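I am opening my notebook on this structure, and I want to write down, step by step, what I looked up.

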Amino acid sequence: MTAAIDAVGLVKTFGQLRAVDGIDLEVRQGEIFGVLGPNGAGKTTMLKMLATLLTIDAGQARVFGVDVAREPHRIRQLLGVTGQYASVDEDLTATENLWLFGRLQGLSSADARASAERLLGQFGLEDAANKPISQFSGGMRRRLDLAASLITRPPLIFLDEPTTGLDPRTRGQMWDTIRGLVAEGRTVLLTTQYLDEADQLADRIVVIDHGRKVAEGTPDELKTSVGNSTLQMQLAPEADQELARQVVRRVAGTEPVLTQESGRMNVPLDSADHAADVLIAFRQAGVSISSVSVAQPTLDEVFLSITGHDTAEANEAESAETVGVAVEVQ
Amino acid sequence: MTTITSDPIIRDPMVQVVDPVAAVARTRPRTTPAEIVSQTLFMAWRALKKMRRNPEQFFDVTLQPLLFTAMFAYVFGGAISGNVQAYLPLMIPGIVAQTVLTTCMSSGVQLREDMDKGVFDRFKALPMARIAPLAGPMVADLVRYLIAAGLTFAMGVAIGYRPGGGVLGVLGAIALAMFTGWSMAWIFTFLGTIARNARTVQGLSMLFLFPLTFLSNAFVPVRSLPSGLATFVKMNPVSHLVSATRDLANSGTISGEVGWTLLACLVVIAICAPLSVWGYRRHL
């Protein structure tokens with residue numbers, strides 16, 4: 001079977017910057033393929049090259065066997081692209097948007113209307129069908145945007161950070177929708193900054209950083225490389241950081257990640273249960289801490305373990321999805 | 001807000017399984033001329049919808065003809081032609097040309113604003129002709145030229161202008177002004193595709209527009225000008241448009257000036273339309 005996407009040595013340069021620096025990609029038909037990386041890693045650039053929105057500076061890409069650089073018009077007929085920001089017309093209603101996109105792609109007026117109606121129903125937007133988009137919530141916009149990508153039933157869907165900025169409930173709905181796309185026989189290529197999103201959805205993942213592929217595998221393979229959870233602590237100002245580091249090495253058997261200036265310490269753990277061992281050992285050793293929480297492994301840890309540097313310079317806020325409630329410790 | 005139940009797509013009875021092989025077989029290598037025309041018209045439909053929902057976009061094509069016609073007539077009429085009545089046949093075609101040209105400048109500015117919006121990302125990703133998003137709004141703008149030219153003549157008639165060319169002459173003049181507006185809009189569309197933002201388009205366009213409209217025979221007789229300036233004025237395409245409009249509206253004759261105007265329009269389209277598409281592609 002032809003691969004949905006088969007790319008070799010993709011390169012995109014902007015002036016001095018090699019935004020995408022020789023990436024190979026093979027996406028099989030019918031899978032959800034996740035592209036994971038921090039802001040500025042080159043995810044969107046790569047997606048845009050594959051979607052004919054940017055020229056390919058070097059390398060070659062095929063979508064269902066069709067060459068991207070040589071036959072862009074064919075490629076555009078095979079792809080639905082949903083970007084980071086909803087690409088629908090603010091001044092038109094939801095129905096008018098879908099109707100227009102259908103007509104532009106050669107549907108008859110009746111087919112375009114039927115398709116708009118079907119998609120609005122499918123995405124739970126029928127009540128908002130005749131409202132201007134300016135009255136839509138962020139989640140509704142994303143759904144409409146995705147609906148707009150599906151009008152001509154393309155077999156391959158690109159989703160560029162489909163849930164960035166959505167609240168958790170809307171995010172879950174989007175995930176269900178994405179699974180539904182694949183159930184229909186489509187292939188989905190998805191970029192995300194969230195490890196848990198890739199974990200929830202993707203059959204396979206590549207991690208990219210500075211325009212290069214740094215890891216590839218199933219979500220489980222990636223996670224085992226970083227441990228299952230992280231103990232995050234804020235050491236008290238008077239605490240002995242070197243002592244704390246030694247205690248962690250002894251009790252947890254891993255190397256903690258310590259930011260010396262702020263006194264923040266992260267410890268990767270095989271299981272959240274081991275957090276208590278570390279805390280008890282701290283109490284016995286006299287290392288005082290001002291706050292503590294247990295979190296899922298974050299993109300930071302994946303990066304740290306794979307690349308040896310963290311993503312902090314690229315994006316700080318996006319990292320941790322705290323699962324435990326932070327506890328204030330005397 | 002309605003919530004989506006889980007797996008909404010699978011439960012849909014209308015679902016057909018997507019078949020990649022068939023989808024690849026269905027693809028066509030390029031857009032056909034018929035598709036280019038229909039896509040342009042759909043983009044024009046979109047632009048008209050937007051105009052109707054943002055009526056402030058009509059301010060320039062309604063207020064400007066009304067205000068300028070009255071102002072110019074009463075301020076310059078006596079000085080240039082002795083009295084207002086005598087000035088109107090000279091001035092009204094000038095205002096028509098000026099209004100239509102300022103209107104096509106706003107085409108470029110609006111295209112630039114539009115291009116910065118998210119929906120253009122989708123147009124770029126769709127299998128559609130690259131010229132359609134540019135040409136569509138320009139077709140819709142024909143409505144604006146019609147309003148601008150029509151209102152100027154109406155205002156003129158209201159303050160005493162009696163066009164000697166009759167209804168047909170005036171209609172001919174309006175049609176010529178609309179076609180010229182559409183053609184000249186390609187200049188500003190091109191500026192719109194290459195400029196950094198909408199404000200730059202506005203600035204650049206003014207640079208073109210002011211000398212073109214004021215250094216023409218739009219408001220003053222050419223014989224009153226110093227000789228160097230008069231030469232420029234005679235070559236200025238806007239002067240040809242103004243003269244052609246005067247001939248049509250005031251005497252109902254289709255003069256050689258009409259031919260010169262049409263030729264200038266075709267030259268502008270031939271140069272600026274390909275440049276605009278090139279500029280638009282560069283943004284991809």
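I began with the secondary structure of chain A and found eleven helices and 15 strands, keeping in mind that this is a predicted model. I then looked up burial, and of the 330 residues in chain A, buried ones make up 49%. For the contacts in chain A between residues at least 6 apart in sequence, I noted that 69% join residues at least 24 apart.

Next I turned to the nonpolar cores. The largest one has 139 residues, and those with the most contacts inside it are A:Leu50, A:Val63 and B:Ala177. Helix α5 of chain B, residues 84–115, gives the most to this core, with 15 residues. I also looked up a second, separate core, which has 16 residues and includes A:Leu231, A:Ala239, A:Leu269 and A:Ala295.

Which residues is A:Leu50 in contact with, leaving aside its neighbours within four places in sequence? I found A:Ile5, A:Ala7, A:Ala61, A:Val63 and A:Val68.

My last entry is about a pair of helices in chain B. The axes of α8 (residues 166–194) and α12 (residues 256–282) of chain B come within 8 Å and cross at roughly 25 degrees. Angles under 35 degrees count as roughly parallel, so α8(B) is roughly parallel to α12(B). I noted that the crossing of α8(B) and α12(B) is left-handed. Among the residues that meet there are B:Leu176, B:Phe179 and B:Trp186 in α8(B), and B:Val258, B:Ile269 and B:Tyr280 in α12(B). By class, I found that this contact of α8(B) with α12(B) has 15 nonpolar, seven polar and no charged residues.

Terms used. Residues numbered from 1 in each chain as written. Chains lettered and ligands numbered in written order. Predicted model: local features only at pLDDT ≥ 70, side-chain atom pairs only at ≥ 80, totals over all residues. Core = buried A, V, L, I, M, F, W, Y, C linked by C-beta atoms within 7 Å. Buried ≥ 20, exposed ≤ 12 C-beta atoms within 10 Å, placed from the backbone. Helix = DSSP H or I, 4+ residues; strand = E, 2+ residues; numbered from the N terminus. Contact = placed C-beta atoms within 7 Å. Axes fitted to C-alpha atoms, helices over the stretch in contact; angles between N-to-C directions. Parallel < 35°, antiparallel > 145°, perpendicular 65-115°, else oblique. Left-handed = near helix turned anticlockwise from the far one by under 90°. Nonpolar A, V, L, I, M, F, W, Y, C, P; charged D, E, K, R; others polar.
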